[in-house]
Each structure stands twice: as structure tokens, then as C-alpha cells.
Amino acid sequence: MSKHFETNSIRINSSKSNQKEHSSPIYLTSSFTFDSAEEARAMFADEIQGNIYSRYANPNSSELIEKICAAEGTETGIATASGMAAMFGSIASLLQQGDHVLASRSLFGSTHQLLTRVFPKWGITSTYGDISDIANWEKLLQPNTKMLFIETPSNPGLEIIDLEWAGNFAKANNLILVVDNCFATPYLQQPAKWGAHIVTHSATKYIDGQGRVLGGLILGTEELMKEVQFFTRHTGPAISPFNAWILSKSMETLGVRMDRHCDNALKVATYFEESPEIVNVKYPFLNSHPQFHLAKKQMKHGGGIITLTLKGGVQRAKKFIDHLQMISVTANLGDSRSIITHPASTTHSKLSGEERLRVGISDGLVRLSVGLEHVDDIIEDVERALQLSK
């Protein structure tokens, strides 16, 4: 294994067969055969390693996990059918009835729904902390607090949480630190280096990179992942072999794609920072970002997401979106194609107006996932829509 991200992402091909193929094949099989009854018994007893059933593991998902673990610096992991299956599994597998989660307030809308509507049914409660006031997080701890759950950069507010602080805080208070690393990807940021025990991804986003398949990842320490693997093996959120193969192939280009995403995003953010039609532009590597120095400390580049807060509120935001000609209007992100979303009316619509404002989502905010098109074409499309939406 190389010490370089790009080489491992390309050269880890652990699912090759004995046919000497250069590219890993797809293993579209639900189950695997055993050479004997004794071999079957030993595999089910975890005495020997091997493939049993694709709900447990498959050569394609195993190769994907090996690549991602090499990139993240984690010991092992599992691949799930979607990003939200990974979010759910990372919490449900490690907590019990009566446990408490301390989470950053700025979370993806569906993760918020898990914490506030799903887990309370099973006696798992949560409290949100404000990342701008981390000095007071000690006061938010409860005797039954078992987990610290954060995402950085946050979706869609692009708030940055100090991973070094989070790692130290979790260690000092004997908490499991779970970090959603979807926006950064392992190419830009490795939370495990700062003390994260579990790292999660919606692989649907940048890891796929072309809006084709769903997938999720839960990565972490051997000890904790035993519980996660038991939970997912018996609850069944397994990724399909085809999707795992797609995502493993996508890892081969993640580095070069993220370089272009980040370069384009910085140029777009810098250009529109001076626009009289925009109240605020937020991007982690802009000097104006409140946590610019922290972003520079723990991220290689600023990522591919920017937010624009338009003058005129929700009506202006909708008119702006409707006047775009090239940029896609869809709920995804991390695609090769630039994508626009109005979080207040879509991805975060289930939050109350007060809850949205607490995480920095105003009615006039739009989230722009900057793609791989020529940056001049992206800027031209946004500029045209801004003028037409006045």
C-alpha cells in the first residue's frame, strides 16, 4: 500500500479473479459456495475469512472499503445502500435505549429527522450544541451522553467544526466521536487523524461524482465496527455489488475531480463575493468565511460547495433558480454537473423556520454544488440568472 492517496485509489484492486483481468469484475451474485461443510461452518463461526452472502460482504464492496479505509486512515468499514443508511447504522448500532447523543446543530435535514423523530421512539435522545460556542459544550453533557455526532463542513451552512477540539472533547468525556465527512471527502480531510472513532459518507455524492448510484460508508476502529457490522449484517442495508463496483472505480478519479471542484468553487465564490445582488457568499477558503483559518488547518482545499444568499428572499431565490439555463435543479450534490438547491424549501423543509435560522439557512440562501464544467460557463449562467431575477 502506498502512502499516496491517488495511488491507493487506483491500484487497490482486491476483487480481481484468476482470469488476469486488468479492471476489477462485477460480482453479481447473492451468495458464494463453500468447498465443504466444514468450511461453511468455520466461516459462519468467524474462524476463517471468506465470502458467505452479499448481504454480509461481496468482493466489490470489500474492494471499495479497502480503498476508502486507506484514504481515511481507518481500520475497517462497511458499505451501505445509501448515505442515510450509513448515518442510521452508525448511531443505531452503537447506542442503547437510554443513551444520549450530543450533536452539532448544523446537520443534514434527514440526519436531524433521525435524531428528533426516529431515535426518540427507542429511548435515544439528543441535544444540539452551537459550534460558535464550543466553550459551553461541557454544560450540554448528560450522565448518559455516549456519542458526539458532527458534520464538517456542514450541509448546507458550510460551518466548520474544529476536529482537533472534537477529538480531545470526546476523549476527555469518553464519547464515541462520529464525523460525517461527506462534503470534504477523504481527499480533503481525514477526521480519524484528529480522533474520530467513526467516519461516515454519503458515497452518492463526491465519491460517485456523476450522479449515478446510491451508496453509504461507515468506517472506523476494529472494536466499534464489530458492533456496526453485526447490526448491518442482520438488518440488511447492504450495498449492491454493481453500485460498489461503480464507487470503487470512481475512487480512481476522486483526487483529480476534487482538485477541479475546489478550483472552480473558489473562483466562483471569489467572483460573486463582490456582486451587488448577493447579501453573502460563503465558502470555507474565502478569507471572509468566519472559520477560514480553521478550514485551512484541517482541509486540503475548500471543497466544491458554496452558498449564495440573494437579496429579495425566497421569491428572488426561486426566480433566480428558474432563470438558470445550464446549472441543474436537483437535490443531489457532488456531481460532475453544477447543481443548485434551495434548502429551505427542499432538503431542510421539514425543519421549522426557527430551526433553519439557527443553522444559517435563510429563505434567500441557495446551495451551489460547483461542477466540472468550464468555470466561465458556470459564472455566466449564475450572472445571467441574477440579472433576470431582479
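## Leu308 and the nonpolar cores

Leu308 touches Phe272, Ile278, Asn280, Val281, Gly364, Leu365, Val366 and Val382, leaving aside residues up to four places away in sequence. A second, separate core has 25 residues, among them Leu114, Tyr128, Phe149 and Ile176. The model is predicted.

Leu308 also belongs to the largest nonpolar core, which has 60 residues. Within that core, Leu64, Val268, Phe272, Ile306, Leu308 and Phe320 touch the most other members. Helix α10 (residues 254-272) gives the most to this core: seven residues.

## Helix α2 and its surroundings

Helix α2 covers residues 37-44. Ala40, Ala42 and Met43 are buried there. Seen down the axis of α2, the buried residues fall within an arc of 165 degrees, so they line one face of the helix. Asp46 follows α2 and has a positive phi, near 60 degrees. Glu38, Arg41 and Glu47 are linked in a network of salt bridges.

Ile26 sits in the loop between α1 (5-11) and α2. Ile26 is partly exposed, at 33% relative accessible area. Together with Leu28 and Phe242, Ile26 makes a nonpolar surface patch of about 290 Å².

## A buried loop residue

Where is Thr74 found? Thr74 is in the loop between α3 (59-72) and β1 (76-80). Thr74 is buried, with a relative accessible area of 13%; the cut-off for buried is under 20%. Not counting residues up to four places away in sequence, Thr74 touches Cys69, Ala192, Val199, Leu219 and Gly220.

## Salt bridges

Side chains of opposite charge can pair when their charged atoms come close. The count here is 14 salt bridges. One of them joins the side chains of Lys297 and Asp162 (3.7 Å, N to O). This pair links distant parts of the chain, 135 residues apart: Lys297 is in helix α11 (residues 292-298), and Asp162 is in the loop between β4 (145-151) and α6 (163-172).

Lys297 also forms a salt bridge with Glu164, with the closest N and O atoms 2.6 Å apart. Lys297 lies in helix α11 and Glu164 in helix α6, so this pair ties together parts 133 residues apart in sequence. Lys297 is partly exposed at 39% relative accessible area. Glu164 is partly exposed at 35%.

## A pair within helix α14

Glu380 forms a salt bridge with Arg384, with the closest N and O atoms 3.3 Å apart. The two are separated by about one helical turn because they are four residues apart in helix α14 (residues 375-388). Glu380 is partly exposed, with a relative accessible area of 46%. Arg384 is partly exposed too, at 25%.

Methods. Residues are numbered from 1 along each chain as its sequence is written. This is a predicted model: local features need pLDDT of at least 70, side-chain atom pairs count only at pLDDT 80 or more; totals for chains, interfaces and linings use all residues. Side-chain values use heavy atoms; hydrogens and water are left out. Buried means under 20% relative accessible area, exposed over 50%, partly exposed in between (1.4 Å probe, protein chains only). The arc is that of the directions from the helix axis to the C-beta atoms. Patches are made of residues with over 30% relative accessible area and no salt bridge: like charges are joined within 9 Å, nonpolar side chains (Val, Leu, Ile, Met, Phe, Trp, Tyr) within 5 Å. Accessible areas come from the Shrake-Rupley method with a 1.4 Å probe; for residues, only the protein chains shown count as cover. A salt bridge is a side-chain nitrogen of Lys or Arg within 4 Å of a carboxyl oxygen of Asp or Glu. A nonpolar core is a set of buried Ala, Val, Leu, Ile, Met, Phe, Trp, Tyr and Cys residues joined through side-chain atoms within 4.5 Å. Contact means heavy atoms within 4.5 Å.
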